[in-house]
Amino acid sequence: MTTISNKDIARAVYLVSKDKTDIELRDVNDKIIKFLARRRLLSKTPDILEQLNKIINDEDGRVIVKVSSKAELEEELKKKLIFFLKERYKAKEVVLVEILDEKLLGGIRIELNDE
């Protein structure tokens, strides 16, 4: 029996859901849930949804960046960081998720996908 990765399932969900109306999406969602239940994959739903979110962001040219720092970032630094990340990743949009981390001694920590 061939195993299907969560990423493959997420890609299939994206492709089958793309450009559907609300009524069509309800039918598609019902079929997806039945498929996951039949394959005993409902416990994998959080990871599948995370993969689906990454696929949607990639298709939309959006990059989600987690920025950890000891103190809140200044607006000028945020603008420079967004500009740099747009250029580096050829993104249309950069979304900064700021996390205040008291454990950091200084500087900032940037997480993007697996980097």
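Ser 69 lies in strand E1, which covers residues 62–69. The model is predicted. At 3% relative accessibility, Ser 69 counts as buried, because buried means under 20% relative accessible area. Neighbours within four places in sequence aside, the contacts of Ser 69 are Ile 99, Leu 100, Asp 101, Leu 104, Gly 107 and Ile 108. Strand E2 spans residues 93–100.

The overall architecture was examined next. The protein contains four helices and three strands. Along the sequence, these elements follow the pattern α-α-α-β-α-β-β. The C-alpha trace spans about 50 × 30 × 25 Å along its principal axes. The radius of gyration is 18 Å, whereas a compact globule of 115 residues would have a value near 13 Å. Buried residues account for 25% of the 115 residues. Contacts between residues at least 6 apart in sequence were also considered. Of these, 75% join residues at least 24 apart.

Two packed helices are described by the angle between their axes and the distance between the axes. Helix H1 comprises residues 6–17, and helix H3 comprises residues 45–60. Their axes come within 8 Å and cross at roughly 55°. H1 is therefore oblique to H3. The crossing is right-handed. On the H1 side, the contact is made by Asn 6, Lys 7, Ile 9, Ala 10, Arg 11, Val 13 and Tyr 14. H3 contributes Asp 47, Ile 48, Gln 51, Leu 52, Ile 55, Ile 56 and Glu 59. By residue class, the contact of H1 with H3 divides into eight nonpolar, two polar and four charged residues.

Backbone geometry was then considered in two loops. Arg 40 lies in the loop between helix H2 (22–38) and H3. Phi of Arg 40 is positive, at about 55°, although the residue is not a glycine. Arg 40 has 74% relative accessibility and so counts as exposed; the cut-off for exposed is over 50%. Lys 90 lies in the loop between helix H4 (75–89) and strand E2. Lys 90 is likewise a residue other than glycine with a positive phi, near 50°. With 70% relative accessibility, Lys 90 counts as exposed.

In summary, Ser 69 of strand E1 is buried. Arg 40, in the loop between H2 and H3, is exposed. Lys 90, in the loop between H4 and E2, is exposed.

Definitions and conventions:
Residues numbered from 1 in each chain as written. Predicted model: local features only at pLDDT ≥ 70, side-chain atom pairs only at ≥ 80, totals over all residues. Heavy atoms only, no water. Axes fitted to C-alpha atoms, helices over the stretch in contact; angles between N-to-C directions. Parallel < 35°, antiparallel > 145°, perpendicular 65-115°, else oblique. Left-handed = near helix turned anticlockwise from the far one by under 90°. Contact = heavy atoms within 4.5 Å. Nonpolar A, V, L, I, M, F, W, Y, C, P; charged D, E, K, R; others polar. Rg over C-alpha atoms; globule rule 2.2 N^0.38 Å. Buried < 20%, exposed > 50% of the residue type's maximum accessible area, 1.4 Å probe, protein only.
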